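Hi,

Here is the structure I promised to pass on. Have a look at it first, and then read my notes below.

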Amino acid sequence: MYYAHSANRNNDWHQLKRHLSQTAFLAESFASNSFLKSEAQLAGFLHDVGKYGDLFQARLHGKVSHVDHWSAGAWMALLEYRSIAAALSIQGHHIGLQQLDKQSLKRMDPQRLKEMHPLGFRVSESNANVLSDRFYAECERLPLLEQTVLANDITSSVSRMLDVRMLFSCLVDADFIDTEAHFESTAEGKKHRPLGLSLRATDALKLLQEYIQRLETQKAGKTPTKVIEIRRKLLDACLDAAQGETGLFSLTAPTGSGKTLGMLAFALQHAANWALDRVIVVIPYLSIIQQTVEVYQAIFREHYGSEYILEHHSLAGCGEEPAAADDDGDSAPEISPIRRLQLLSENWDAPVIVTTSVQFLESLFSNRPSACRKLHRLMRSVVLFDEVQTLPANLAVPMLAGLSHLAHQYGSTVVFATATQPAFDHLHASVAKQCSRGWQPRPIVPNPHVLFGALERTTVRWEDPRTPFSWRRLAERLMAYPQVLCIVNVKRHARELIEAMGDADTFHLSTNLCPAHREQVLGMVKERLRGGQPVRLVATQCVEAGVDLDFPVVWRAYAPLDAIIQAAGRCNRDGRMNRAGDVYVFMPEDEAYPVGYYEQAAQITKILLRGLKKKTQDIQDPDFVQSYYRMLYDMARPDVSERAQEILNAVKAGDFPRVARGFRLIPRDSMNVVVPYAGAREEYRLLDADASEGLNRYWIRRARRLAINLFRPQPDDPIWCNMRPVPLTRRAADSLSEWYIYLNPEDYDERLGLVTQSRTHLWMI
């Protein structure tokens, strides 16, 4: 008798032939709507063939360690079944996808690995015939595949690498689930987790439409008629476009037109029409995610429960992917409500997923098992990208190629929504080199000019950049308004302007404030706006997307055009003024920008404005926005940027780890710091006390409200004197990012947030 896993709590050992059979069944079912079906079944049967080796069986009894049980099945898939993709998936189901090239494939040979293993492991059995004989003694020989992902051609591209990841996803999720079922067994036998809820798109759409109708009734008399009419037109356009076939779509609509609910209506109607399985909403910022989830829960929770909407991101308490190789997978996780949410998050087994662009894109291009296991859930799904102007332009070509292939090969639909649609179609030819269909989305609103013209709520006044404003001069202008918002490019500017103003009616928002603090400030600002009280807000870009503010006057430092348009969306947002709101674009005397693409895009804005006449500088005109993006892409060339070329070179080489590293959108040298915000002192005290027990997901869910993100300081930076690390538990050691407790309450200012003498220069960015 050969075993896959050691004894569970009922003292039952996991028979290997049953594990292989069940993994194959699950993997095939996950790929059932795609051409990967037979290859996924093959990968499931062969993935643990190496466990038929005597050395691995000894490892299960604790007699040896560091045994490679994955390479044998990979070699068998390659040699006997001519399946390169299955071989890569089997090889990577614990150590991650590796390289797609001839030399790397040859190195799967157990005889070679016996002589020199790259990880220092021992192969479970170097004689492949011994393993295959034992395997076929228990399992039937499988037929040769009629269709494979790669056949005999190992030419690599973004689309081909995504096909491998999809197969990999089916395998690793099946393996995880069957292993989990063994360790969660009861006296009656293996206990598979309950499946996630179904979408029920038609019924969900009715609930959404009822919610929209209630909103209209509640705001009757408060919202101008033209705004209500535009929102109805946008909703109708979304429902009409949802009748179209699956594929790529774009949604260009002005701020305040009901875009967020409109595109959800599109998704549900589209899913109902084409029997799609889920809706995935991809949002750039955690602050917008929180608002979006609250709205969605208000619509659906009462009818479908808390598991209908799944929130998944770095601070949702679901953890990150393990960084270290897992050579056995033997664990028995505790099932609890928090654990249940984590299980659903691991493979996105829910009807509606709300996640960040970082989580989505890093997973789409990852090589790690736990990050990729959710990817098969993207098949036959509607993926909604909101605020797409925030997506990294220097990664546009591989990103668009991956999403285009997802839509056209796997029956999914991808929607790019924004008020400032980037000219991604300008990159169609470059994308087509990596994915034959290129990037040609269909517009959900055929003529967005109508929406923008009807919702023209502001007048933009471009101050001459050759006459910059000192902070004192700008403060004097701002103090003349009872209610005004001023947005600057860097946190240092926000601090200097706050100090120049120095009155009690001026508030501040930046990422130096923890989420609980920002929420409290936003609440006070909104209350003052509604009550007509004096309120002046100085902020960084953190208020430009998804933050519902409505000021009569907005000042914005020169920036990328899309940032200026987003800032203007905070002015006369609901169109309640009997005249247009005023937006002033100014140049600070101390010109500064976040380094890199942002700075380059800001310079393009100035160049574009100098070359156009005043009457053509209309930020409400989509053609003006397109002119900006065309000029930006022509000059910045995101398709040939250094980072894009680095990734495309890795794609050409079929190097999965290099591609994954290239798509890390947030530097790994950052850390989370829980700060002593006075408005949540009791929460801070409890978190500080509980931190001594070590990191766990429940603690993280509580801590996210008081956490800010910092780049790792230098070892000799004095800030370390005021930070205590939260200890890692054994289970958290490989899966959770670093957390610290900030100890000195005097460094957390009630207006400015965390202010220290650190050489990490909190205020320099």
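Let's start with the sheet: six strands form an open sheet in the order E12-E17-E16-E13-E15-E14, paired in parallel. Strands here are DSSP E runs of at least two residues and helices are H or I runs of at least four, both numbered from the N terminus; two strands pair if DSSP finds at least two bridges between them. At the edges sit E12 (458-462) and E14 (506-509), each pairing on one side only. On average, neighbouring strands of this sheet are turned by 15° against each other, direction ignored. Before I go on, this is a predicted model, where local features need pLDDT of at least 70 and side-chain atom pairs count only at pLDDT 80 or more, while totals for chains, interfaces and linings use all residues. Residues are numbered from 1 along each chain as its sequence is written, and side-chain values use heavy atoms, with hydrogens and water left out.

Within the sheet, E13 (residues 483-487) and E15 (residues 535-539) pair in the parallel sense over five bridges. One to look up: glutamine 483 has valine 535 of E15 as its bridge partner. Helix H23 (residues 561-568) lies across E12, E13, E16 (553-557) and E17 (581-586), and runs at about 165° to E16. Axes are lines fitted to C-alpha atoms (for helices, over the stretch in contact), with angles from 0 to 180 degrees between N-to-C directions.

Gly73, Ala74, Ala77 and Leu78 of H4 make the contact with Ile84, Ala86, Ala87, Ile90 and Gln91 of H5 (contact means heavy atoms within 4.5 Å).

How do H1 and H9 cross, and at what angle? The axes of H1 (residues 16-30) and H9 (residues 158-183) come within 8 Å and cross at roughly 135°, so H1 is oblique to H9. Among the residues in this contact are Leu26 and Phe30 of H1 and Leu171 and Ile177 of H9.

Finally, charges: the whole structure has 30 salt bridges (a side-chain nitrogen of Lys or Arg within 4 Å of a carboxyl oxygen of Asp or Glu). In one of them, glutamate 216 meets arginine 232 at 2.8 Å, N to O. That pair links distant parts of the chain, with glutamate 216 in H10 (residues 201-218) and arginine 232 in H11 (residues 225-241), 16 residues apart.

Cheers

Notes:
Parallel < 35°, antiparallel > 145°, perpendicular 65-115°, else oblique.
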